[in-house]
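Work through the exercises below with the sequence and the model open. Try each task before reading its solution.

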Amino acid sequence: PFGLKDAFEGKFLIGTALNMNQIWRSHQAPIKVLKQHFNSIVAENSMKSMFLQPREGEFNFKNADLFVEFGKKNDMEIIGHTLIWHSQAPRWFFSDKEGQDVSREVLIERMRQHIHTVVSRYKGQIKGWDVVNEVILDNGEWRKSKFYEIIGDDFIKLAFQFAHEADPEAELYYNDYNTAIPAKREGIGRVIKQILDSGGRVDAIGMQEHHGLHFPSLNEVENSIKYFSNLGVDVMVTEMDISVLPHARPNAGANISDTSAFRKELNPYPDGLPDDVMLQLGKRYIDFFRLYLKHQDKISRVTLWGISDKDSWLNNFPVRGRTNYPLLFDRQYNPKPFVKEIIALAKE
Ligand code: G3I
């Protein structure tokens with residue numbers, strides 16, 4: 001059956017994040033939707049360092065192997081996510097036996113070991129890696145992560161270098177959220193330009209695109225697409241979803257550190273998404289897909305962060321137990337009404 005991936009053929013790949021629950025149990029519904037609509041997959045969690053190397057030198061590739069096998073069997077372009085991230089990194093990574101921070105040399109060596117081991121295991125099987133995730137803050141400054149504090153700002157250049165050594169054919173990406181905020185956009189640009197100027201390899205900047213109904217503006221997203229492309233790299237939409245609940249992002253009118261507001265309304269639509277909100281959501285999706293199509297010469301992949309609303313991380317962020325509706329397929333894995341409009345848009 002004809003799906004999103006067919007509609008966008010020759011324009012960009014259509015991807016989704018997959019979790020192990022879907023792969024392990026081989027649930028019929030998600031797998032059927034996956035095969036019809038998507039031609040690229042990324043592991044939602046199972047390639048993060050806390051799962052791959054829970055203790056120093058002890059790698060656990062069980063789930064990651066299954067994920068890659070699954071992708072190969074189903075002819076998907078497979079994306080690796082993510083090698084260097086401050087979150088979901090095991091605590092041992094940064095400390096010695098006494099719990100003190102390790103030295104710069106030791107942390108660089110641990111980074112090298114981790115990246116070399118993981119990337120070389122899947123050499124030739126992974127199309128590209130999110131090498132570095134979320135190291136620039138919304139104000140454009142460095143996130144003061146352990147990587148930054150212990151190694152200094154060249155940790156990012158080293159990470160790209162190690163990944164390239166381990167699989168010279170793999171594409172290498174920088175991935176971040178809120179990339180439409182001008183200060184953050186420029187902060188990312190500054191860092192990536194430095195790596196490129198010094199002869200490092202970065203193939204693309206991944207714009208995660210965790211949107212709300214009203215934030216960010218299309219205009220600022222477009223500015224970022226152009227700005228990143230002008231650096232000489234591809235642009236990818238790597239984690240798209242659109243929250244219909246109060247949106248926990250800066251400038252979105254919500255204060256994320258005060259979770260009581262979010263807790264009050266865990267499920268404002270107990271009878272399902274009302275028609276007017278569905279229309280709003282559809283319009284927002286169409287607007288973004290129209291924008292991505294306009295820039296199809298710059299954008300090589302559009303990945304959704306999950307298949308159905310049931311699987312979305314946004315049911316648990318910023319507080320647990322929300323009922324959100326951020327994706328293209330509903331909780332029964334039926335396409336939302338606007339999916340056919342997105343398909344039609346691609347044919348225009
Ligand atoms: O592994 C434990 C499990 O042992 C435990 O029983 C269970 C109970 O809550 O939790 C499991 O860990 C969860 C993990 O996902 C794996 O399922 C964490 O609680 C949960 O917080 C974690 O959330 C993931 C989140 O990254 C972590 O920051 C989301 O599923 C995942 O969608 C999200 O993805 C990130 C991207 O990697 C980077 N960009 C932002 C995006 C959304 O936050």
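The model is predicted: local features need pLDDT of at least 70, side-chain atom pairs count only at pLDDT 80 or more, and totals for chains, interfaces and linings use all residues. Residues are numbered from 1 along each chain as its sequence is written.

**Exercise 1. The ligand shell**

Task: list the residues around the ligand and sort the shell by class.

Solution. Start with the criterion: a residue is near a molecule or strand if its C-beta atom, placed from the backbone, lies within 6 Å of it. The residues around the ligand are E44, N45, S87, Q88, N133, Y177, Q208, E239 and W313. Next, apply the classes: Ala, Val, Leu, Ile, Met, Phe, Trp, Tyr, Cys and Pro count as nonpolar, Asp, Glu, Lys and Arg as charged, and the others, Gly among them, as polar. The shell then has two nonpolar, five polar and two charged residues.

**Exercise 2. The two faces of α3**

Task: find which residues of helix α3 are buried, and which exposed residues sit on the face turned away from them.

Solution. Helices (H or I, at least four residues) and strands (E, at least two) are DSSP runs, numbered from the N terminus. A residue is buried if 20 or more other C-beta atoms lie within 10 Å of its own, exposed if 12 or fewer, and partly exposed in between, with C-beta atoms placed from the backbone. In α3, which spans residues 28-37, the buried residues are P30, V33, L34 and H37. Viewed down the axis of α3, these buried residues fall within an arc of 105 degrees, so they line one face of the helix; the arc is that of the directions from the helix axis to the C-beta atoms. Q28 and K32 are exposed on the face of α3 turned away from the buried side. Contact here means that the C-beta atoms of two residues, placed from the backbone, lie within 7 Å.

**Exercise 3. A helix pair**

Task: describe how α6 and α8 pack, and name the residues that make the contact.

Solution. Helix α6 covers residues 104-121 and helix α8 residues 155-166; they pack at an angle of about 35 degrees, with their axes 8 Å apart. Axes are lines fitted to C-alpha atoms, for helices over the stretch in contact, and angles run from 0 to 180 degrees between N-to-C directions. From α6, the contact is made by I108, M111, R112, I115, H116, V119 and S120, and from α8 by L158, A159, F162, A163, E165 and A166. By class, the contact of α6 with α8 has nine nonpolar, two polar and two charged residues.

**Exercise 4. Backbone geometry**

Task: locate the cis peptide bonds from H81 and from F317, then the positive phi values of E134 and Y333.

Solution. The bond from H81 to T82 is cis, with omega near 0 degrees, and T82 is in strand β3 (residues 77-84). The bond from F317 to P318 is cis, with omega near 0 degrees; P318 is in the loop between β9 (299-304) and α13 (339-347).

E134 is not a glycine, yet its phi is positive, about 60 degrees. E134 sits in the loop between β4 (128-133) and α7, and it is partly exposed, with 19 C-beta neighbours inside 10 Å. Y333, a residue other than glycine, has a positive phi near 65 degrees. Y333 is in the loop between β9 and α13.
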